Amino acid sequence: MIVRFIARDGTITSAAATVGDRLLDVAQTHDQPLEGTCEGQLSCATCHVIVDPADFARLPPASADEEDMLDLAHNATRTSRLACQIHLTGALDGLTVRIPG
């Protein structure tokens, strides 16, 4: 499956991923600037991404804890999510996310 990352400068990187991967792990493997300081423990927002609006409905809803962390994320939008909380499924093939500025 493929995931697309749009960098702050608009550069698009297509990354190969496997069903079951966490989006954060895929991003880090492909040198995307997502820290993931808390290693997916929902205690930071350093893996904040903005999901393309066309793809947002394909994701399961964010948990209340994820929503709380997104309240702290810089430049959060209606389609913001934490990459550590997105586990890739076949239905998410072609997912596009933007690295926020």
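Biologist: Where is Ala 91 found?
Modeller: In this predicted model, Ala 91 sits in the loop between β4 (80-82) and β5 (95-98); strands are DSSP runs of E, at least two residues, and helices are runs of H or I, at least four, numbered from the N terminus. Residues are numbered from 1 along each chain as its sequence is written, local features need pLDDT of at least 70, side-chain atom pairs count only at pLDDT 80 or more, and totals for chains, interfaces and linings use all residues. Side-chain values use heavy atoms, leaving out hydrogens and water.

Biologist: Buried or exposed, Ala 91?
Modeller: Ala 91 is exposed, because its relative accessible area is 52%. Buried means under 20%, exposed over 50%, partly exposed in between (1.4 Å probe, protein chains only).

Biologist: What separates the C-alpha atoms of Ala 91 and Val 19?
Modeller: 9.3 Å, with the two residues 72 apart along the chain.

Biologist: Now helix α3. Where does Glu 67 lie?
Modeller: Glu 67 belongs to helix α3, residues 64-70. Glu 67 counts as partly exposed because its relative accessibility is 41%.

Biologist: And Glu 66, buried or exposed?
Modeller: Glu 66, also in α3, is buried, since its relative accessible area is 2%.

Biologist: Which residues does Glu 66 touch?
Modeller: Leu 42, Arg 81, Leu 82 and Gln 85, leaving aside residues up to four places away in sequence. Contact means heavy atoms within 4.5 Å.
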